[in-house]
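Keep the sequence beside you as you read.

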Amino acid sequence: MASVPDDELPELQDHGEIIQAARAYFHSGATRPLTYRETQLRNLNRLFIECEEEILAALAQDMRKSHQEAILYEVEIVKREIRHMQRNIANYIQPTRVPH
């Protein structure tokens, strides 16, 4: 993975600003539609596919995970969970009656 020179890095925002913006976006209702959620899951799955080598390298460096161990117990489990969510998302977003 190539390193980006410091002068080319984007300016980092304050954590509070990021959290506030994320909460405002959530409260706007933009994340509610099924299509939005399906798109996010597809994007997350694509991220794991496209960045798998970087993820494996980070797991090796930070947690001393072997390549095989990281694939089996980290990456593939997440990918499987994403596929499960993709198959069942329509059921998960149905309103649920809460007993009194």
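This is a predicted model: local features need pLDDT of at least 70, side-chain atom pairs count only at pLDDT 80 or more; totals for chains, interfaces and linings use all residues.

Glu-52, Glu-76 and Lys-79 are joined in a network of salt bridges, where a salt bridge means a side-chain nitrogen of Lys or Arg within 4 Å of a carboxyl oxygen of Asp or Glu. Residues are numbered from 1 along each chain as its sequence is written, and side-chain values use heavy atoms, with hydrogens and water left out.

Take the link between Lys-79 and Glu-52 to begin with: their side chains meet in a salt bridge at 2.6 Å, N to O. Lys-79 lies in helix H4 and Glu-52 in helix H3, so this pair ties together parts that are 27 residues apart in sequence. Helices here are DSSP runs (H or I, at least four residues), numbered from the N terminus.

Glu-76 counts as partly exposed, at 24% relative accessibility.

What else surrounds Lys-79? Leaving aside neighbours within four places in sequence, Lys-79 is in contact with Asn-45, Phe-48, Ile-49 and Glu-52; contact means heavy atoms within 4.5 Å.

Now follow helix H4 itself, which spans residues 67–92 and bends by about 45 degrees at Gln-86. The bend is the angle between axes fitted to the seven residues ending at a given residue and the seven starting there. Along H4, the buried residues are Ala-70, Ile-71, Val-75, Lys-79, Ile-82, Asn-88 and Ile-89. Their cover includes helix H2 (34–50) and helix H3 (52–63).

The largest nonpolar core has nine residues: Leu-41, Phe-48, Leu-56, Leu-59, Ala-70, Ile-71, Val-75, Ile-82 and Ile-89. H2, H3 and H4 each supply at least two residues of this core, and H4 gives the most, with five. A nonpolar core is a set of buried Ala, Val, Leu, Ile, Met, Phe, Trp, Tyr and Cys residues joined through side-chain atoms within 4.5 Å.

Leu-72, Tyr-73 and Ile-77 make a nonpolar surface patch of about 290 Å², and Ile-77 is found in helix H4. Ile-77 is partly exposed, with a relative accessible area of 35%. Patches are made of residues with over 30% relative accessible area and no salt bridge, with like charges joined within 9 Å and nonpolar side chains (Val, Leu, Ile, Met, Phe, Trp, Tyr) within 5 Å. The areas come from the Shrake-Rupley method with a 1.4 Å probe, and for residues only the protein chains shown count as cover.

Let's turn to helix H2. The structure holds five salt bridges, and one of them joins Arg-46 to Glu-50, the closest N and O atoms being 3.4 Å apart. Arg-46 and Glu-50 are four residues apart in helix H2, so about one helical turn separates them. Arg-46 is partly exposed, with a relative accessible area of 43%, whereas Glu-50 counts as exposed at 54%. Thr-35 is in helix H2 as well, and Thr-35 is exposed, with a relative accessible area of 55%. Thr-35 and Ala-90 are 55 residues apart in sequence and 9.8 Å apart in space, C-alpha to C-alpha.

Our last stop is Thr-31, in the loop between helix H1 (15–27) and H2. Thr-31 is buried, with a relative accessible area of 15%. Not counting residues up to four places away in sequence, Thr-31 touches Tyr-25, Phe-26, Tyr-36 and Arg-37.

Definitions and conventions
Buried means under 20% relative accessible area, exposed over 50%, partly exposed in between (1.4 Å probe, protein chains only).
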